[in-house]
Amino acid sequence: MKKKIRLLLLALILTSHHVALSQCVGKFINPITDVCWKCLFPLVIAGQKVADPDRDTATPEGLKSFFCTCSEPPRIGVPVGFWEPFRVADVTLKPFCMVNLGGLDLNIKFKTPGGTVGVRNGGRTGRKTAFYHVHWYIYPLLVWMNLITGLVCMTPESFDIAYMTEFDPLWDDDELSLWINPEAALFGNPIAQVACAADCAAASLGKPLNWFFWCAGCQGGVFPLTGTLSFHHGGVDASTLLIEKMIFKLHREMLLWGTMGAKGACGIYPMPWWRKDQYKLQMTYPKVEKNSKQACNPIGRTTFFWGTNKEYPIKGEDFGYLIWRRRDCCAL
């Protein structure tokens, strides 16, 4: 009798997991209620903070001068610094499931591996591993809301799906991905990963260590730049690491550029090695954090404090994020 009960419970678990993978879930972002507008700050003008409601101490210092000059186009202006919500990303187990498009299933007939979460046996013990897909959207929210659109350095963009890992042959092949990150052979080892502990502590205080470029703070190492996770500690931690991997990957592929400091004041510039303190992450699905001090988190910050109760079975196993980018601009 007990054996039959165990088999019945196992069947129910497997059935519920199959249902979770077979349906596409998500929601559209409400720009009024789902976006932490306090994350826009601190606003710095002419080297002085003019708006900083949360008394931020983690944002990198921008230009401190009262005036700035640019050559293309030639102009003299005032330096301005702010955080810009500029991209949205999905992390999903189901291929072609657009989480931030309300759970739209594109249902494209294209051969691509599906997401998995399972246990890989090794010796006497097993470890939980995972594989997810990521979708990257252009999301020029400040332009839509008609905010800060007068700055000459604002990029004129419209909403679009910019990147889908289902079509990327490197995303599910750790060896093939070495073509864009050959340094993984040097830093993908336990000794190099020990340094990530220091990055974890610094990132949790709001200041990730940029020179530890192979680290994503408390989430571990970024290599390989694929959707494979050798250690899966939960969906929130996994999805955060995958967004961080994607940011690094897009910088390496020259699809993301630098926007901070003196170089960024006059326009974007090539940055093949990511600068972690240029970004903050805000979860948009399955739950939105309302506390502004925990809503937008720097790269590598521990999910222990802000990730509680953010994941739940079936409709809470895929994730959406709003990506914030720091901008320094020489404004007219």
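These are my notebook entries on a predicted model.

**Entry: the cores**

I began with the nonpolar cores. The largest one has 47 residues, and those with the most contacts inside it include Trp 136, Trp 214, Phe 223 and Ile 243. I then looked up which elements supply this core: helices H3 (184-187), H5 (196-204) and H6 (235-252) each give at least two residues, as do several strands, among them E4 (74-92) and E14 (319-331). Helix H6 gives the most, with nine residues.

Leaving aside residues up to four places away in sequence, Ile 243 touches Ala 89, Val 91, Val 134, Leu 281, Tyr 321 and Ile 323. I also found a second, separate core of 25 residues, which includes Ile 29, Cys 153, Ala 295 and Cys 329.

**Entry: Asn 100**

Asn 100 sits in the loop between strands E5 (97-98) and E6 (104-105). Is Asn 100 buried or exposed? Asn 100 counts as buried because its relative accessibility is 6%, below the 20% cut-off. What does its side chain meet? A polar atom of the Asn 100 side chain lies 3.0 Å from the backbone oxygen of Ala 89. Among the residues that Asn 100 touches are Lys 27, Phe 28, Tyr 137, Thr 284 and Tyr 321.

**Entry: salt bridges**

I searched the whole structure and got 13 salt bridges. One of them pairs Lys 249 with Asp 168, with the closest N and O atoms 2.9 Å apart. This pair links distant parts of the chain: Lys 249 is in helix H6 and Asp 168 is in the loop between strand E10 (160-164) and H3, 81 residues apart. Lys 249 is buried at 0% relative accessible area, and Asp 168 is buried at 9%.

Glu 183 and Arg 252 form another salt bridge, with the closest N and O atoms 2.9 Å apart. Glu 183 is in the loop between E10 and H3, and Arg 252 is in helix H6, 69 residues apart. I checked both ends: Glu 183 is buried at 9% relative accessibility, and Arg 252 is buried at 16%.

I also noted Arg 275 with Asp 277, where the closest N and O atoms are 2.7 Å apart. Arg 275 is partly exposed at 26%, whereas Asp 277 is buried at 14%. Shared partners join Glu 84, Arg 325 and Arg 327 into one salt-bridge network.

**Entry: a surface patch**

Leu 104, Leu 106, Ile 108, Phe 110 and Phe 167 make a nonpolar patch of about 410 Å². Phe 110 lies in the loop between E6 and strand E7 (116-122) and is partly exposed at 40% relative accessibility.

Notes: Residues are numbered from 1 along each chain as its sequence is written. This is a predicted model: local features need pLDDT of at least 70, side-chain atom pairs count only at pLDDT 80 or more; totals for chains, interfaces and linings use all residues. Side-chain values use heavy atoms; hydrogens and water are left out. Helices (H or I, at least four residues) and strands (E, at least two) are DSSP runs, numbered from the N terminus. Buried means under 20% relative accessible area, exposed over 50%, partly exposed in between (1.4 Å probe, protein chains only). A polar contact is a pair of N or O atoms within 3.5 Å; within protein, one must be able to donate a hydrogen and the other to accept it, and residues adjacent in sequence count only if both atoms are side-chain atoms. Contact means heavy atoms within 4.5 Å. A nonpolar core is a set of buried Ala, Val, Leu, Ile, Met, Phe, Trp, Tyr and Cys residues joined through side-chain atoms within 4.5 Å. Patches are made of residues with over 30% relative accessible area and no salt bridge: like charges are joined within 9 Å, nonpolar side chains (Val, Leu, Ile, Met, Phe, Trp, Tyr) within 5 Å. Accessible areas come from the Shrake-Rupley method with a 1.4 Å probe; for residues, only the protein chains shown count as cover. A salt bridge is a side-chain nitrogen of Lys or Arg within 4 Å of a carboxyl oxygen of Asp or Glu.
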